[in-house]
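Here are some exercises to work through with the model open beside you. Try each task before reading its solution.

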Amino acid sequence: MKNFILTAEGVNKTFDGFKAISDLNFYMDEGELRTVIGPNGAGKTTFLDLITGRSKPDAGTIQFGRESTELTKLNEYQIYRLGIGRKFQTPTVYVDHTVFENILLSMEGSRGVFSALFARVTPAQRERIHDILKTVGLGEKIDAKAGSLAHGQKQWLEIGMLLAQNAKLLLVDEPAAGMTDEETAKTGELLLSLAGRHSIIVIEHDMVFVRQIAKKVTVLHQGTILCEGSVDEVQNNERVIEVYLGRKHHHN
Amino acid sequence: MCKGGGANLRSLFHATMLKTKLAALLLFCSFVCGAVASDETVTRQKLVQAILSSGDEQQKLLSELADDNSKIVHDTLLSWTRDEIYLCETANGGAKIPVLLEEQQDAEGKARAIRIDDGKYLADEKGAELHFDSSDLNTLDTDMRLRSAVQQTLDLLALADPNRDARRDVVQKLGKSQKKQYLPVLQARLGKETDAGVKKAIFVAVATINLGDADPSAKIAAINQLAKLNSIGSLDDLQRAANSQNADVAKSAEAAIKSINGYLSAVNFFGTIFRGISLGSILLVVALGLAITFGLMGIINMAHGEMIAIGAYTCYFVESVFGTGFTFRIVMPFSIGGHAPGFGATIPGLHASGWFYETYFLFAIPLSFVMAALAGLALERTVIQFLYRRPLESLLATWGVSLILQQCFRLVFGANNVQVNSPRWLLGNFTLNDVILGYNRLFVIAFAVLIVIGTWLLLTKTPLGLLIRAVMQNRNMAACMGVRTARVNMLTFAFGSGLAGLAGAFLSQIGNVGPSLGQSYIVDSFMTVVVGGVGNIVGCIYSALGIGTADQVLQQVFGSPVVGKITVLICIILFLQWKPSGLFAARSRSLEG
Amino acid sequence: MKRKTELLAVAIVAILVIVILPLLNASGIVSNFTINLYGKYLSYAVLAISVDLLWGYTGLLSLGQCLFFTLGGYMMGMYLMRMIGNLGQYHMAIPDFLVFLGWNTLPTFWKPFASFPFALMMVVLLPGLLALVFGFLAFRSRIRGVYFSILTQALTYGACLLFFRNNLLMGGNNGFTDFKLLLQQDLRLPATQRMLYISTGILLLLTYCFCRWLTKTKFGKVQRAIRDSENRVLFSGYAAANFKLFVFVASAIIAALGGALYTPQVGIINPSEMATDKSLEAVVWVAVGGRGTLVGPIVGAIFVNTLKSWATRAYPDYWLIILGGMFLLVVLFLPKGIVGLISDCGGWIAEKFKTTPVVPDLKQTPDADSLPNPQPAIRNP
């Protein structure tokens, strides 16, 4: 019996009559790197929203970890504290803080009000931040304001924040958007190196990138799982081909 | 510039009006005067006869006079009851002439005498008017029986008054007197009366008189009758009856009081609901504009209240122009060469009257919309368009504008409240089962319904509405599709401000207009928008009516407007705990897509 | 280096304000009127800092900050009213307005206010508790942005209506006035007023130091993170509501302390002080001075109020237009206020005289699109 890090069963979510997620069942092993693809409006980001507590499902359960903690009853920061980190589709960093501070705020550790009042940056923490910044290639920019970074650099910074958090489950939404091919490849390598120690869900459009990183791919369509399997299996699946090529894209 | 043009217009207008008036007057005189005059002579003759006769004949003549509803009869009989009719014996032989003395006295305290038989001054043979001292003349003799007969005639006259309110007042007065003698008069009137309200008043009056009966069973019958009639005005009388020695009377009186009190609280409740709905309608019109601008542009317009004031002052202005004219002068706070520069304008009044004056409000309504919309347009172009992505800053900047506008109102219209005279067709009210429904409030409700329907049509059925909704849903996409979003913003903002102006026009009919008029409504309308859910018109309607009614009901419950208002505020805060994004939250998927 | 100069500047100004000016007053060079006026300005500056702590540092535009200021003033006022004793118009042991309302004995809740420590405790406690309850409810339901502003405005509006009522037994629309003694000192004596002035100066200094410390801690970093991207803070595991609640309560207490020193110096406290317009005026001070800095609010409060004192005398009819216009201009053209303008000018001059190539200016306006939209954008799928 394998341990699932994430179990979603019978999940439904409707926005003003639009079924964003319908009867979704999703299982993920510990340490797995899963790639989720699907056309626009397939419910990929909504799925991440439901996992991270940004929105609540109308029905269904989402359970996390060995204790099978029910995520739908928790709010964003409680879910984060369980060890679920998320990188957003558009890079979201603290624009008025320096790169250093951005990582510092994301470091694992106490999140309380009063501990924040008396917290000091320890040398160990400082060293860790430097390491992370080196990993994501922002060592030079350590004192720059995050708002002054280029789009790709913001992506990297957000990945760095994810690393600092040391989360058990990483949710990565379109990490390669706005990156050069070289950077994309580097992102792929980074994600691959993290897999195993961490469980990772990657949402991606770029099939080259998907090929690079994916072991198991889940295809979402109209809020439900169309098929799961290796990249080749998925790419040869007739229904997937129909969804991607045979019909017009659904816009939201 | 204004002055010259206005003056021309005025004189032209004046001349026309004058001609029309004169013509109408002449026509009226030639048509009617003759007929009236002959009737009047007959009446006067009857009066003189009644005064000079005596005994049963006099009684008969008096009761005949009761059918003649003319002012002369009324005034003369009234003077009679006050002993102000004098008999003047002519020098040449015995004929007694009844006269009234004029109120105006000359230097010696004497006054001219008006003959009752022809309404002219009493004169001697040579035609010189005679002056009398009241003590020189003989007062007409009266006795108790005669007095009461005259009084009864007067009452009957009053009961036949063409104005139903006047009739009702007399009926109530007669009933309150609890004098049996009025019973036949009231019964007689009941046969002729057509108005339901007056009929009910007569029933109440008869029952009230019977309540004064010594016989307990008659009393109880009267009490039951009052209870059946739900007569709120009889509560005091019934209370007195409840204190009666007779146990049966007291018991039935208490039962009647209980039943009427139940009815009274129902009446109050519905009256409160009615006021609540009318307040809610105003809030609705104000909040609708706010909801549209906020929903569209994410901008809280703190100067929205001043748009209300612009609408209300436009009403005042139009009313002044139809009346005596409007003048203002602003003096600059510095002086050049010894005198302070300033500017001002005088817009002469039309001095309209009658139906024409009454129509001013019909001109004022669209104009208040236009003026507020123009102000909104200017505000959007000069300030708000630079602050679209900064909601908090726009809130602050519009507050700055609001301060400036308030002070401008003070400079132009004065710091004190001004009163806008309502057209007559908005005054008054009608009563539905004792619930008083003011015409002005009914008008507001009706108009709010029209505005909501109009707004809905505008948003759903017009090209502009389509653009507005497109920009509301996805600004960037709309811009990509070639929608000129800046233009849509501008028009929407103007429209929202115009709605506030309309609300101001209504408010001017309900209360006074002052520079800070808008301030007293702005917090409520913000609350309405927040509770309703931003950018949601249906939510806005529910929350406006809900807050308006809750406000009035809680005022009633706590007996204090302030405590009521505070309770509403607390309720709103608690409500937001339950539904943080309002009644009808538009779901946001801002992260996706 | 930079920190040292800042400390030095603060120390110099503090000595000037707290030591030198009172000394000049005691020796008759500076008039009592001036000292009194500046005492008032300094308490306004405390209020302004509390507004800035919320708005400039946390992104919470509270339009009800004057409520806490006035509540603090009222608590102090209750003590001062009790100290009048029987020296009032009616020569009764209870405050005049209560006599006027037909009371013979003191209402229970007035009794403990004869004690100065109790009054001082209430200055902190009442506004603090109100802020705690209101903030808890507001932040729990994630009311933010303009919604928060509107709700705080409604709060102070409601409280203002409440205090106008005589039934509250807090003096109705006249409020409290005709104070006589404070800690056995005659309030009309210049020496007492001087001591009050010095106390206000010290309060301002302490407030400044506290806020400076607070904003430099990790707490301060979270605070600014909430301002820039509250959603991101939630997704970094911080319970933003708790942080906001802490700041809201802290700034309510700061404002209340300012109000407590304001009352004895001005000699009157009434409900019009908590009208919504007053709170917005305090926001103007911060905007004019420069928000997001600690010096800005102080500069703004003193500058705008000096201007107000002059303009309301010289052009009483035009003061509101000046105020509104100034606000409009600052919001539109000078978002960083006076302090921002000066430091920009300083930077520009420094750049002119530098010979070495300059590091490119990294300052950039926050990118509003880069974050989960804090405004609930109305979009349908």
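Let us begin with confidence. Chain B has a mean pLDDT of 75, with 85% of its residues at 70 or more; pLDDT is the predictor's confidence in each residue, from 0 to 100. This is a predicted model, in which local features need pLDDT of at least 70, side-chain atom pairs count only at pLDDT 80 or more, and totals for chains, interfaces and linings use all residues. Residues are numbered from 1 along each chain as its sequence is written, chains are lettered from A and ligands numbered from 1 in the order in which they are written, and side-chain values use heavy atoms, with hydrogens and water left out.

**Exercise 1. Confidence along chains B and C**

Find where confidence is lowest and highest in chain B, then do likewise for chain C.

*Solution.* 
- Step 1: In chain B, helix H1 (residues 2-52) has the lowest confidence, at a mean of 53, and helix H13 (residues 360-382) the highest, at 89. Helices (H or I, at least four residues) and strands (E, at least two) are DSSP runs, numbered from the N terminus.
- Step 2: Residues 1-35 of chain B have pLDDT below 50, and this stretch has 14 contacts beyond near neighbours in sequence. A contact means heavy atoms within 4.5 Å.
- Step 3: Residues 586-593 of chain B also stay under 50, with 27 contacts beyond four places in sequence.
- Step 4: Chain C has a mean pLDDT of 82, and 92% of its residues reach 70 or more. Its lowest mean, 76, belongs to strand S2 (residues 181-182), and its highest, 91, to helix H10 (residues 240-266).
- Step 5: Residues 356-381 of chain C remain under 50, with 45 contacts beyond four places in sequence.
- Step 6: Where pLDDT is low, the predicted coordinates should not be read in detail.
- Step 7: For the model, the scores are ipTM 0.82 and pTM 0.75.

**Exercise 2. The layout of chain B**

Describe the domains of chain B and its secondary structure.

*Solution.* 
- Step 1: The division gives domain 1 (40-158), domain 2 (162-245) and domain 3 (273-333 + 343-527); such bounds come from an automatic or database domain assignment.
- Step 2: Taken over C-alpha atoms, the centres of domain 2 and domain 3 of chain B are 48 Å apart.
- Step 3: Chain B has 21 helices and nine strands.
- Step 4: Of its 593 residues, 48% count as buried. Buried means under 20% relative accessible area, exposed over 50%, and partly exposed in between (1.4 Å probe, protein chains only).

**Exercise 3. A sheet in chain B**

*Solution.* 
- Step 1: The order is S4-S3-S2-S1-S5 in chain B, with antiparallel pairing. Two strands pair if DSSP finds at least two bridges between them.
- Step 2: Strand S4 (131-132) and S5 of chain B are the edges; each has a single partner strand, so one side of each lacks a neighbour in the sheet.
- Step 3: S1(B), residues 85-89, has four of its five residues buried.
- Step 4: Five bridges link S1(B) to the antiparallel S2(B), residues 96-105. Here Ile85(B) is opposite Leu100(B), and Leu87(B) is partnered by Pro98(B).
- Step 5: S1(B) also pairs, over two antiparallel bridges, with S5(B), residues 138-139, where the partner of Leu87(B) is Asn138(B).

**Exercise 4. The nonpolar core**

Which residues touch the most other members of the largest nonpolar core?

*Solution.* 
- Step 1: A nonpolar core is a set of buried Ala, Val, Leu, Ile, Met, Phe, Trp, Tyr and Cys residues joined through side-chain atoms within 4.5 Å.
- Step 2: The largest has 269 residues, and those touching the most other members are Leu157(A), Ile200(A), Phe361(B), Leu396(B), Trp110(C) and Phe176(C).
- Step 3: Helix H2 (residues 32-58) of chain C gives the most to this core, with 15 residues.
- Step 4: Beyond neighbours within four places in sequence, the contacts of Leu396(B) include Trp55(C), Leu61(C) and Phe327(C).

**Exercise 5. Cysteines**

*Solution.* 
- Step 1: A disulfide is a pair of cysteine sulfur atoms within 2.5 Å.
- Step 2: For partly exposed Cys571(B), at 42% relative accessible area, the closest cysteine sulfur is in Cys540(B), 19 Å away, which is too far for a bond.
- Step 3: For buried Cys66(C), at 4%, the closest is in Cys160(C), 10 Å away, again too far for a bond.
- Step 4: Over all chains, the count is zero disulfides.
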